[in-house]
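Let's take a walk through this model together, with the structure open beside you.

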Amino acid sequence: MRNPFRMVSRAESRARLQIFVALFGIAALEAAFYALRRLANLELYVVETIAIALAAGVGYFLVLFSLEHTGEHRATLWLILAGAVLFRLTLAPLTPTLSTDVYRYRWDGRIQRAGWNPYSVRPDDPRLSALHEPREPAGPGHDIPSIYPPLSELTFRAADRFLPTPVAFKLPMIAADLLVVCLLAGWLRATGGRVFRLAIYAWNPLVVIEFAGSGHSDALALAALVAACLVIIRGKKTVSTMLLAAAALLKAFPVMLFPLWLRREGWPRSAKSWRDGFAAAALAAICFWPYRSAFIHFSETMSYYASRWQGNNASLYSVLLWLSGSTKFAEGLGVAVAAGLMLWAAARRLEPARAAFLIFGAVLLFSPNAYPWYFTWVIPFLCFVPNPAWMMLTVVQFLSYHVLIGYQAFGTWEFRPLMLWLTYGPFYGLLLWQWLRSRRQQTKLL
């Protein structure tokens with residue numbers, strides 16, 4: 001006869017072990033992030049940055065595996081939250097160097113405060129020369145007006161008023177990132193998910209470095225999007241639709257979830273779904289209104305952007321372009337796949353996390369531009385749809401920063417085929433293995 005006290009003791013021991021694993025994870029990852037902070041100029045030490053980030057990724061996977069295979073302890077949640085805050089505080093003082101996007105955000109905010117429309121003027125416009133700050137790196141797209149959505153532009157304008165330095169300008173993004181962590185904790189609790197899954201996002205090295213280190217505005221959209229997901233599963237569909245609209249007005253990618261949201265509200269037969277749709281459109285109109293004078297230029301700007309920005313860390317797009325020799329074919333097939341998934345998810349009324357994972361994943365794989373911080377779009381949803389291949393891809397994305405080596409030395413912006421293979425080859429291999437394994441398991445059950 002089994003001794004129940006012995007069984008309880010084993011369960012308690014496994015739960016206590018999870019605490020030690022979490023503490024070890026905090027120590028190991030903090031050592032990596034502190035090492036990055038000591039480097040200061042990550043662009044200058046690109047090789048070291050990639051090596052440290054990949055090492056952090058290895059530690060991240062080991063810790064996640066260990067947390068999953070130990071007992072659940074109620075203190076683990078607080079340790080994950082504490083680690084998330086610590087990691088971001090460690091990189092918060094870091095001046096953005098891996099990316100110059102923050103400097104473009106500041107520029108857009110600065111010219112708005114000076115009375116200019118960011119959708120109608122370019123940073124290299126001679127009329128704006130007095131607004132440039134000396135010794136400040138030029139932001140991306142010096143020859144093109146802004147393409148950021150209007151709610152982002154309004155955020156940049158407000159931030160420029162109160163946050164006068166590049167480091168300070170990261171604060172809204174870091175705050176939004178931490179809000180995502182808290183929202184995911186609430187979402188996991190509402191759906192009965194295991195606590196350790198919060199670390200998939202909260203401790204992901206790509207998330208920490210891109211938001212706390214580089215200050216990318218994608219964190220703002222993710223906060224609104226995750227809030228929309230959490231609210232819709234609690235039945236507050238109108239509030240959720242407005243939050244989704246806000247997310248799309250901060251960064252364009254969440255707009256692909258609108259058909260699903262409206263279908264979950266009963267569109268087209270539900271009058272409430274029509275009201276919520278019109279309310280979202282009204283919010284968009286309000287945000288666009290201050291920039292209405294530039295509407296005639298916006299399509300021209302987007303066409304110019306699409307023609308000039310291609311082949312940046314792209315995977316399937318590069319393969320399609322190589323096979324067909326046609327950018328229109330490569331882009332068109334990617335749009336068709338993403339649109340098909342969008343409509344399929346809406347027709348099936350998929351669960352929001354799964355739909356977001358599938359749609360955003362397709363966009364990233366078929367996009368002509370797949371910068372590393374774009375891959376943060378799928379990470380919150382991996383907490384609910386865990387996929388080892390995708391988790392690995394978010395870590396190996398640091399290899400794409402090899403482009404900075406040639407850019408610093410020779411002024412050439414080129415993603416080397418070997419590095420692209422090292423980034424995406426293992427991912428597609430593991431993805432195929434996962435699919436074959438699931439098929440084999442299904443066959444055994446039949």
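What follows goes through these topics one at a time.

Please keep in mind that this is a predicted model, in which local features need pLDDT of at least 70 and side-chain atom pairs count only at pLDDT 80 or more, while totals for chains, interfaces and linings use all residues. Residues are numbered from 1 along each chain as its sequence is written, and side-chain values use heavy atoms, with hydrogens and water left out.

Let's begin with the cysteines. A disulfide is a covalent bond between the sulfur atoms of two cysteines. Here the term is applied to a pair of cysteine sulfur atoms within 2.5 Å, and by that rule the count is 0 disulfides. To describe surroundings, we call a residue buried under 20% relative accessible area, exposed over 50%, and partly exposed in between, using a 1.4 Å probe and protein chains only. On that scale Cys182 is partly exposed at 48%, whereas Cys383 is buried at 0%.

Now for the aromatic rings. Rings of Phe, Tyr and Trp (its six-membered ring) pair if their centres lie within 6.5 Å; planes under 30 degrees apart count as stacked, over 60 as edge-to-face and the rest as tilted. The whole structure holds 28 aromatic pairs. One of them joins Tyr60 and Phe61, a tilted pair with 5.4 Å from centre to centre and 55° between the planes. Tyr60 is buried, with 2% relative accessible area, and Phe61 is partly exposed, with 27%. Phe156 and Phe169 form a tilted pair too, at 6.4 Å centre to centre and 45° between the planes. This pair links distant parts of the chain, 13 residues apart: Phe156 sits in helix 5 (residues 150–162) and Phe169 in helix 6 (residues 166–169). Helices (H or I, at least four residues) and strands (E, at least two) are DSSP runs, numbered from the N terminus. Both Phe156 and Phe169 are buried. Elsewhere, ring pairs connect a cluster made of Trp187, Phe253, Phe360, Tyr371, Trp373, Tyr374, Trp377, Phe381 and Phe384.

Next, see how two helices meet. The axes of helix 3 (residues 75–91) and helix 9 (residues 205–213) come within 9 Å and cross at roughly 45°; axes are lines fitted to C-alpha atoms, for helices over the stretch in contact, and angles run from 0 to 180 degrees between N-to-C directions. Helix 3 is therefore oblique to helix 9, since angles under 35 degrees count as roughly parallel, over 145 as roughly antiparallel, 65 to 115 as roughly perpendicular and the rest as oblique. Phe87, Arg88 and Leu91 in helix 3 meet Val207, Val208, Ile209, Ala212 and Gly213 in helix 9, where contact means heavy atoms within 4.5 Å.

Finally, the backbone deserves a look. Trp267 and Pro268 are joined by a cis peptide bond, with omega about 10°. Pro268 lies in the loop between helix 12 (258–264) and helix 13 (271–288). Ala40 has a positive phi near 70° although it is not glycine; this partly exposed residue, at 40% relative accessible area, is in the loop between helix 1 (4–39) and helix 2 (46–68).
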